[in-house]
Amino acid sequence: MSVCKSYGKDKVIFATKEDHATPSKVELPESEPRPGLILENGDINWNCPCLGGMAIGPCGNEFREAFSCFHYSEAQPKGSDCYEAFSTMNECMRNYPGVYKQNLNEDEEDENGAGVASMIADEGAEEDDVDDAPVKAESESKAVATKTN
């Protein structure tokens with residue numbers, strides 16, 4: 001038999017072995033599926049943790065403009081019509097290096113925005129990437145360590 005005591009706002013329950021021997025009768029409600037980046041209606045979920053807070057930072061408006069442009073783009077390659085939006089976002093990010101340092105390429109020194117164009121061009125190429133490196137046979141990849149005295 002369990003004992004329940006109240007201490008101010010806290011309630012302490014002392015349970016016995018017999019209390020834990022019976023299965024719980026508590027029924028939890030069905031959990032709702034969490035939406036991903038793209039909602040069922042095709043809209044962008046700006047609250048998705050996968051965006052890493054980019055939509056709410058100091059360049060949140062610029063990020064949302066560029067990302068929306070890319071998402072809804074019908075140009076080929078996808079997003080190639082979003083150069084201006086990505087350039088604006090990139091300029092804003094450069095004004096806040098403490099916040100966006102990890103998002104800016106260190107080697108992106110030219111002022112003509114080639115880095116932004118390459119981001120757009122690389123986005124569609126991810127599915128087509130093929131690893132051209134030769135595959136080693138299993139016997140070649142296993143190394144045996146020997147100890148010599």
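I began with the torsion about the S-S bond of Cys48 and Cys50, which is about 130 degrees, so this disulfide is right-handed. The sulfur atoms of Cys48 and Cys50 lie 2.4 Å apart; I took a disulfide to be a pair of cysteine sulfur atoms within 2.5 Å. Cys48 is buried at 9% relative accessibility (buried is under 20% relative accessible area, exposed over 50%, partly exposed in between, with a 1.4 Å probe and protein chains only).

I noted that the model is predicted: local features need pLDDT of at least 70, side-chain atom pairs count only at pLDDT 80 or more, and totals for chains, interfaces and linings use all residues. Residues are numbered from 1 along each chain as its sequence is written, and side-chain values use heavy atoms, without hydrogens and water.

I next looked up Cys59 and Cys92, whose sulfur atoms are 1.9 Å apart in a disulfide. This pair links distant parts of the chain, 33 residues apart: Cys59 in the loop between α1 (17-21) and α2 (60-72), and Cys92 in helix α3 (residues 83-94). Helices here are DSSP runs (H or I, at least four residues), numbered from the N terminus. The S-S torsion of Cys59 and Cys92 is about -90 degrees, so the disulfide is left-handed. Cys59 is buried at 1%, and Cys92 is buried at 9%.

I then turned to the disulfide of Cys69 and Cys82, with sulfur atoms 2.0 Å apart. Cys69 is partly exposed at 24%, whereas Cys82 is buried at 1%.

Terms used: Helices (H or I, at least four residues) and strands (E, at least two) are DSSP runs, numbered from the N terminus.
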